[in-house]
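Colleague: I would like a close look at one part of this model, with attention to how its charged side chains pair.

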Amino acid sequence: MVVAFAGRRIDAPNAPVARFPRGNARTVRDRIRAQLEGVAADVLVSSAACGADLLALDAAGELGIRRVVVLPWDRARFRDRSVIDRGIEWGPAFDRVINDVARCGDLRVVGATGQGNDPYLATNEAILETANDVARSRPSFGDIVALVAWNGQPRGGEDVTEAFLIAARRRGLEVIEIATL
């Protein structure tokens, strides 16, 4: 089974609305791990932002699941904008995962352009497309399922996590939601 994954980032300090509080990280990681085991995942395709992405990648690594990481830009720029901006403690986990997947040839950089959420929305599409490519490359992997770790409520405007869920459903994928609250 190939798993396309997206999820909430850890809430910023003093976030006005709780979507993924820091205190829930261990519980969410355990939920993600259980779903990866439950679907018998062979490959996880994800980005690597702080929060749900890195927790999923960590759990997959622990389970011996192949990990493919898709980033909108080079690793240094992504690390600054989507990893350590919510706490430097996420940096070592990101570095470890990226080094591992790069060594295996499984790091993809989209080279996204645009402003605001455009690069992240492009990354969503690239995750889904990469999952499709991986599944087609090895029929023994079977189907693709989308896992989405979020609070179940759209943020309004362009919610990148909700957009991933909608894009996965539009492609006819089974979507499994994992609560971050």
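This is a predicted model: local features need pLDDT of at least 70, side-chain atom pairs count only at pLDDT 80 or more; totals for chains, interfaces and linings use all residues.

Modeller: Turning to Glu125, its side chain meets that of Arg170 in a salt bridge, at 3.5 Å from N to O. This pair links distant parts of the chain, since Arg170 belongs to helix H6 (residues 160-170) and Glu125 to helix H5 (residues 118-137), 45 residues apart. Arg170 is exposed, with a relative accessible area of 59%, because the cut-off for exposed is over 50%, whereas Glu125, at 30%, is partly exposed.

The side chain of Glu125 also meets that of Arg171 in a salt bridge, here at 3.1 Å from N to O. Because Glu125 lies in helix H5 and Arg171 in the loop between H6 and strand S6 (174-179), the pair ties together parts that are 46 residues apart in sequence. Arg171 counts as partly exposed, its relative accessibility being 36%.

A further salt bridge joins Arg169 and Glu177, whose closest N and O atoms are 3.1 Å apart. Arg169 has a relative accessible area of 45% and is partly exposed, and Glu177, with a relative accessible area of 40%, is likewise partly exposed. As for the pairing itself, side chains of opposite charge can pair when their charged atoms come close.

Conventions: Residues are numbered from 1 along each chain as its sequence is written. Side-chain values use heavy atoms; hydrogens and water are left out. A salt bridge is a side-chain nitrogen of Lys or Arg within 4 Å of a carboxyl oxygen of Asp or Glu. Helices (H or I, at least four residues) and strands (E, at least two) are DSSP runs, numbered from the N terminus. Buried means under 20% relative accessible area, exposed over 50%, partly exposed in between (1.4 Å probe, protein chains only).
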